[in-house]
Amino acid sequence: MAGNLLYLSDSYQKSVKTKILAVTQKGKQTFVMLEQTVFYPEGGGQPSDQGLIAGSNGKLKVTHCRLVSGNVVHEGMLKGTFTEHEEVTAQIDWTLRFDHMRWHSARHLLHEVVTQAIPGLVPVKGEHGTHAYIEYQGIINPKLKNRLETETNMLVAEDRQFATEFVTIDELKERVAWVPEKLRKNKPLRILTIAGFAPTPDGGTQVKSSGEVGPVRVTAIESAGELTRIYYAIDPLPEPVKKTTRSTENVNTQSMTLNSFRTLLIDIENELFEKISKRAVHELEALQVEYFGSHGQATELIKELRNLPDFERKAAGQLVNEFKSSIQEAFIRRRESQTPVNSQWFDVSLPGIKPPQGHLHIVSQAIMEITEIFSRIGFTRVRHKEVDWDEYAFEKLNMPAHHPARDEWETFFIEQPTTNDQRRTTKKIVLTPHTSNGQVREMEKGKLPIRMINIAKCYRRQSDVSHVPMFHQFEGLYIDYHVSIGNLKGVFDFFVQNFYGEKRKTRLRPYHFQFTEPSFEVDINCGICLGKGCKLCKSGWLELGGAGMVHPNVLKAGKINPDEYNGFAFGWGAERTYMMKSGTQLDDIRLLYNNDLRFLEQF
Ligand code: DAH
């Protein structure tokens with residue numbers, strides 16, 4: 001359909017070898033129609049392309065193009081002669097065109113921003129060039145100028161993709177929200193989708209992605225009657241740097257900018273693509289050296305990176321990387337195309353090789369999920385010491401030195417130079433055997449109420465199938481006025497329903513901990529029989545961990561008045577809690593930390 005209008009399918013194509021369909025002469029002007037063209041004819045607010053059509057006996061300097069009955073008429077002054085059916089090369093002035101593309105794409109970006117900010121506006125028309133504007137039916141507050149400019153530039157910075165596709169009139173009507181009243185009949189229908197926005201009808205030339213547009217300025221918003229024009233501008237591309245000035249000695253390094261660098265890179269890329277496709281395979285190596293050797297043309301240009309202003313260097317670096325990989329691919333493709341077929345045979349229908357993809361360790365997953373659920377009811381994850389004074393791990397938790405309850409924790413003590421006297425005191429350092437040391441530390445921050453979740457590593461002198469010397473606990477602490485056991489039960493039910501599933505609930509069993517009164521062990525109903533008792537769980541309930549109402553002595557140790565405040569606390573093993581979720585019965589819990597990928601990959 002749009003076979004002859006090449007700019008519609010590839011706005012980056014700069015030239016084409018084609019044939020002359022018709023030539024006419026009016027006064028000094030010559031009008032030429034081609035079988036195919038890369039020239040954009042004036043329309044849709046985008047000015048016409050200019051350039052050159054060269055045949056064997058003549059050259060037409062194209063100054064203007066129009067679309068007539070689906071064909072582009074190229075107009076200009078002819079030097080020499082053209083004959084019908086003769087083969088010619090049509091080449092556009094790329095600098096001018098790229099400028100037009102940037103203006104045009106800028107218009108679309110601005111339009112998306114405008115319609116998001118002010119719904120209900122009807123676009124009327126648009127114009128590029130020195131007084132570029134978009135006209136809408138509707139009133140726009142001029143104070144929005146800065147906001148529209150900022151948001152448009154945000155789209156530029158996000159480097160959003162521009163994709164175009166051809167459609168039938170029915171598809172067009174179905175897919176776009178607004179169809180222009182006067183759709184030109186002689187033009188193929190095309191829609192443009194800017195990543196993240198709804199498609200719009202568009203027949204102009206567009207950049208590949210918004211980053212190419214560069215900074216956009218909204219210069220004025222002016223209303224007349226019920227029409228409003230938003231004027232905008234982009235900075236022009238610098239003068240094209242001629243091919244002959246490509247080597248470093250000749251490039252005026254002072255004027256090197258991202259745009260001129262990009263133009264040079266695109267030139268080399270096009271030149272190389274052509275050479276790669278034309279050279280024999282045994283000549284490719286020499287070609288590679290010619291461009292990428294230590295004084296090769298591409299190498300010399302890449303060295304120019306250092307002459308770019310700081311803020312443009314990163315973007316230029318990215319261009320260079322893209323350039324290198326597309327050239328490399330072209331070399332590879334060319335080499336492969338020459339390799340004898342039978343030695344290269346492969347089954348294209350085979351599935352590709354997927355690169356291995358990692359994921360977080362099962363315990364990190366557990367920590368993230370637990371934190372997220374508690375955060376929904378106002379608990380904040382905090383971090384407290386994993387190597388701490390004995391007094392926080394025991395003494396301030398209502399377990400003075402030599403208290404027998406301490407024996408339940410097979411604690412690692414850290415040796416430190418102390419006098420005999422000190423050794424008798426509790427000033428010892430421990431690898432925390434539980435996360436409860438975080439309780440008094442949190443209270444000492446002096447901020448009430450407290451809603452903390454302390455998830456940390458714990459250490460105990462145990463290693464067997466059901467114990468590892470390093471594991472994780474999560475400790476919850478809630479201190480406020482009038483906290484009840486009902487609150488504690490409610491929080492547990494909320495957690496298990498969100499973590500294990502809606503049908504799960506908890507029950508409390510009386511227990512003893514030094515730091516809570518009363519104390520409980522918390523059980524959860526079995527996920528299979530929901531509490532009735534089955535082969536797996538036997539009693540219908542599984543143990544989750546410890547909890548209780550914070551002991552007044554612990555509150556006092558944290559400088560909180562127990563007559564005024566109270567609260568609850570709980571401490572559960574993260575590994576155990578998480579393993580119970582997947583129903584995985586680990587024969588040996590140490591597998592979690594053996595770093596065997598065959599095991600870890602399963603979660
Ligand atoms: N720290 C206890 C342990 O490691 C668990 C625990 C029980 C923590 C009751 C608590 C609690 O905060 O209230 O076994």
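Visitor: How many cavities of 30 Å³ or more does the count give?

Guide: On a 1 Å grid over the protein atoms alone, a cavity is a set of points where a 1.4 Å probe fits but cannot get out, and its volume is the space filled by probe spheres set on the points, which are joined across faces, edges and corners. By this rule there are two cavities of 30 Å³ or more. This is a predicted model, in which local features need pLDDT of at least 70, side-chain atom pairs count only at pLDDT 80 or more, and totals for chains, interfaces and linings use all residues. Residues are numbered from 1 along each chain as its sequence is written, and side-chain values use heavy atoms, with hydrogens and water left out.

Visitor: Which residues line the second largest cavity?

Guide: Lining residues have an atom within 4 Å of a point; here they are Met399, Ala405, Glu408, Trp409, His512, Phe513 and Gln514, around a space of about 30 Å³.

Visitor: Is Gln473 buried or exposed?

Guide: Buried means under 20% relative accessible area, exposed over 50%, and partly exposed in between, using a 1.4 Å probe and protein chains only. Gln473 is buried because its relative accessible area is 9%.

Visitor: What does the side chain of Gln473 reach?

Guide: A polar contact is a pair of N or O atoms within 3.5 Å; within protein, one must be able to donate a hydrogen and the other to accept it, and residues adjacent in sequence count only if both atoms are side-chain atoms. The side chain of Gln473 reaches the backbone nitrogen of Thr435 at 2.9 Å.

Note on methods:
On a 1 Å grid over the protein atoms alone, a cavity is a set of points where a 1.4 Å probe fits but cannot get out, and a pocket is an open set with protein on both sides within 12 Å along at least five of seven lines; lining residues have an atom within 4 Å of a point.
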